[in-house]
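Please open the structure in a viewer and keep the selection tool at hand.

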Amino acid sequence: MDADALPHATWSAFAGAWDIFRAPLLCALVAGAVLGFLGVFVVLRRMVFVSAGVTQSAGLGVALAFYADIHLGLHLDPLVGAAALSLIATLALSLDTRALPVPREAVLGLVFAASGGGAVLLGDRIAQEAHDIESILFGSAVLVRPLDLVIVLVAGAAVIAVCLWWLRALVFASFDADAARAQGLPVSLLDRTLFVCIGVMVGVSARALGSLPVFAFSVLPAATALLLGLRVGWALLVATVLGALCGVVGYLFAFFYQFPVGGSQTAVAAAFMVLALAGRLALGRQVRLFSLGRGRAPAVAPRP
């Protein structure tokens, strides 16, 4: 946040400017909660770099929307650009890469680097929107529009509804895809559904909050919950709560101490994970981020 714009960071000042802060704060709460929930599947499936690539692609989509509007005369809402590019990246990364002459990690690196580099290059050509580009990459205090909040709420509700509907099947496929196929589950359909959910939520959230905090929300709260050695159901709940807390606490921290919002939210998410890691080490327990001690997959999962 701009230190000159907020010289007296007090609770009364925050309450007096609630009309300004309501949309970004609520948007951070909802996006953090939903991305924290999805993050459990991201971490369990070792898809951290997929999440990074998708968030960078969303930032590129926003930059493309600004560029098309300024230089080509094509009006495209940045939210549409973010959602479109994140979905394209998600679907591309969900394809089977075994037939390619390069490993999957190389494809992920290409998507991440090309998207980030493209966003920076386009940002250099749209000087009048440079502040918006920086905000989209790293987060902003007041960039969130009421429309963004509504879209994040609707997208988040839809994503949670789909994931809860197919929850046991998604968990089973995340732990052991081969066993899930043997049980007759449509693993490919489950994978693509999960990828689309991640792409949609990342796309709408990145336009509102910035790529950096969105990536943090989709990884760190879930990693923290899994470090606690919880059962899957509890891990999903704790990751959801932690994601919401990271969004709200990070925003308040940025307000009171006049730091950048996206960086503050990311730092809070990282702090929670460091505390969980320190707690595990202090208790002398072996730290296994991707293998839950008591969170075993169900022996039989229903068809979605």
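**First stop: a pair in helix H9**

Select aspartate 178 and arginine 181, whose side chains meet in a salt bridge with an N to O distance of 3.3 Å. Please note that the model on display is a predicted one. In general, side chains of opposite charge can pair when their charged atoms come close. Both aspartate 178 and arginine 181 belong to helix H9, residues 177–182, where three residues, about one turn of the helix, separate them. Aspartate 178 counts as exposed because its relative accessibility is 58%, and exposed means over 50%. Arginine 181, at 45% relative accessibility, counts as partly exposed.

**Second stop: a pair in helix H2**

How many salt bridges does a search of the whole structure find? The search finds three. For another of them, select arginine 22 and aspartate 19, whose side chains form a salt bridge at 3.2 Å, N to O. Helix H2, residues 18–44, holds both arginine 22 and aspartate 19, and they lie three residues apart, about one turn of the helix. Is aspartate 19 buried or exposed? With 62% relative accessibility, aspartate 19 counts as exposed, whereas arginine 22 is partly exposed, with a relative accessible area of 35%.

Now select aspartate 191 and arginine 45, which are joined through their side chains by a salt bridge of 2.6 Å, N to O. This pair links distant parts of the chain, 146 residues apart: aspartate 191 is in helix H10 (residues 187–209), and arginine 45 is in the loop between H2 and helix H3 (48–71). Arginine 45 has a relative accessible area of 18% and is therefore buried, since buried means under 20%.

Return to H2 and display it together with H13. Two packed helices are described by the angle between their axes and the distance between the axes. H2 and H13 pack at an angle of about 150°, and their axes are 7 Å apart. H2 is therefore roughly antiparallel to H13, as angles over 145 degrees count as such. The crossing of H2 and H13 is right-handed.

Finally, select tryptophan 234, which is placed in helix H13, residues 232–257. Tryptophan 234 counts as exposed, at 54% relative accessibility.

Technical notes:
Residues are numbered from 1 along each chain as its sequence is written. This is a predicted model: local features need pLDDT of at least 70, side-chain atom pairs count only at pLDDT 80 or more; totals for chains, interfaces and linings use all residues. Side-chain values use heavy atoms; hydrogens and water are left out. Helices (H or I, at least four residues) and strands (E, at least two) are DSSP runs, numbered from the N terminus. Buried means under 20% relative accessible area, exposed over 50%, partly exposed in between (1.4 Å probe, protein chains only). A salt bridge is a side-chain nitrogen of Lys or Arg within 4 Å of a carboxyl oxygen of Asp or Glu. Axes are lines fitted to C-alpha atoms, for helices over the stretch in contact, and angles run from 0 to 180 degrees between N-to-C directions. Angles under 35 degrees count as roughly parallel, over 145 as roughly antiparallel, 65 to 115 as roughly perpendicular and the rest as oblique. A crossing is left-handed if the near helix is turned anticlockwise from the far one by less than a right angle, and right-handed if clockwise.
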